[in-house]
Amino acid sequence: MDRQVDQKSPIAASDEVQVGCIWPGPTRLGECPIWDDRRGRLLLIDSEGKAIWEMGPKAQDARVWQVPDVIGSIGLCEDDRLIAGLASGFAFIDISGAEAKVTHIGNPEPGLPTRLNDGKADRAGRYWCGSMSLDFKTPVASLYRLDPDLRWHRMDTGITVSNGIAFSRDDRALYFSNSRLDQSFRYDFDLVTGRISNRRTFVDTTAYDGRIDGACVDTDGNYWGALFEGGAVGCFSPEGKLLRLVRLPVSCPTMCAFGGPDLATLYVTSATFAMTPEQLDQEPQAGGLFAISGLGARGLPEPRFAAGGG
């Protein structure tokens with residue numbers, strides 16, 4: 001079923017907004033763009049390609065590290081390693097050398113037909129990561145909180161594919177997308193205790209083309225979500241109202257994050273794994289990395305996982 005956005009509702013992108021493919025990839029499943037403010041570099045992953053990429057703000061000087069497992073997400077750490085959600089569980093990844101060094105922490109779902117997927121650190125130094133069902137249909141996945149002591153806690157269950165994790169600017173809300181079911185939620189969030197409660201609908205994505213995949217929050221508190229199979233990035237108010245829709249030249253954007261020295265560029269990854277050969281011919285930039293400028297919005301610095309050992 002085609003789902004059309006009411007064009008009277010979203011604020012149209014202005015002439016100042018520029019969308020460009022700055023790195024061609026192509027990735028099979030590009031995900032998790034993260035701006036490392038300490039190093040002035042952009043990180044992203046190819047989940048199915050089992051790779052971590054790092055590059056400059058204009059995609060210059062790109063480097064790649066292969067990892068031995070499908071990788072669902074990465075986050076920055078205080079000690080400059082990465083925290084990751086792999087198919088085999090949580091792990092630290094050190095990319096300071098020519099080859100990636102992986103230190104496994106543990107698997108929260110041994111024996112289940114799942115793998116870890118979308119993840120994001122909160123401003124208290126915890127890592128939130130949700131799993132996904134490998135058949136994209138069975139609700140056996142969960143949302144986890146990994147604490148700096150390397151203990152994980154199951155925070156919600158009955159999920160099919162975890163996506164869209166982001167925290168409100170005031171740290172009082174956690175956003176989350178059960179994307180394959182077109183469900184987008186907002187939880188009450190306590191930054192001090194790490195508890196979540198009062199889950200309710202945030203965005204009804206059945207009203208739009210595509211579904212919310214990866215997401216981020218800007219300094220105004222608005223939520224930006226990549227609309228997978230919708231060919232756009234949507235900007236939503238803290239109440240879930242669509243404020244802006246930015247179209248992309250690819251149908252499968254996967255995740256967005258603000259970066260660059262002034263955190264004013266929105267980087268968007270994309271994927272090819274779900275596309276037919278005909279679609280790939282029609283979308284030659286599929287699997288590439290996009291940079292959107294001129295939005296008049298800025299991002300927040302990326303929090304870091306606070307674990308010191310491992």
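What volume does the largest pocket have? The largest pocket has a volume of about 220 Å³. The structure is a predicted model, in which local features need pLDDT of at least 70, side-chain atom pairs count only at pLDDT 80 or more, and totals for chains, interfaces and linings use all residues. Residues are numbered from 1 along each chain as its sequence is written, and side-chain values use heavy atoms, with hydrogens and water left out.

**Overall fold**

The protein chain contains one helix and 24 strands; helices (H or I, at least four residues) and strands (E, at least two) are DSSP runs numbered from the N terminus. The C-alpha trace spans about 50 × 45 × 40 Å along its principal axes. Of the 310 residues, 57% are buried (under 20% relative accessible area, with exposed over 50% and partly exposed in between; 1.4 Å probe, protein chains only). Among contacts (heavy atoms within 4.5 Å) between residues at least 6 apart in sequence, 49% join residues at least 24 apart.

**Pocket and cavity**

Both kinds of space are found on a 1 Å grid over the protein atoms alone: a cavity is a set of points where a 1.4 Å probe fits but cannot get out, and a pocket is an open set with protein on both sides within 12 Å along at least five of seven lines; lining residues have an atom within 4 Å of a point. Grid points are joined across faces, edges and corners, and a volume is the space filled by probe spheres set on the points. The structure holds one cavity of 30 Å³ or more.

| Space | Volume | Lining residues by class |
|---|---|---|
| Largest pocket | about 220 Å³ | eight nonpolar, three polar, six charged |
| Largest cavity | about 280 Å³ | 17 nonpolar, one polar, five charged |

In these classes, Ala, Val, Leu, Ile, Met, Phe, Trp, Tyr, Cys and Pro count as nonpolar, Asp, Glu, Lys and Arg as charged, and the others, Gly among them, as polar.

The largest pocket is lined by 17 residues, and Met132, Phe136, Val161, Arg180 and Phe273 are the closest to its centre. Strands S10 (114-121) and S18 (211-217) each supply at least two lining residues of this pocket, and S18 gives the most, three.

The largest cavity has 23 lining residues, with Lys120, Cys216, Leu300, Glu302 and Pro303 nearest its centre. Strands S2 (30-36), S10, S14 (162-167), S18 and S22 (253-259) each supply at least two residues of the cavity lining. The largest share, four residues, comes from S22.

**Two residues**

Ser179 sits in the loop between strand S15 (173-178) and strand S16 (183-189). Ser179 counts as buried because its relative accessibility is 5%. Leaving aside residues up to four places away in sequence, Ser179 touches Val161, Asn163, Arg211 and Ile212. With Asn163, Ser179 makes a side-chain to side-chain polar contact of 2.9 Å. A polar contact is a pair of N or O atoms within 3.5 Å; within protein, one must be able to donate a hydrogen and the other to accept it, and residues adjacent in sequence count only if both atoms are side-chain atoms.

Asp204 lies in strand S17 (residues 196-204). Asp204 counts as partly exposed, at 44% relative accessibility. The side chains of Asp204 and Thr206 are joined by a polar contact of 2.5 Å. Asp204 and Arg123 are 81 residues apart along the chain, and their C-alpha atoms are separated by 27 Å.
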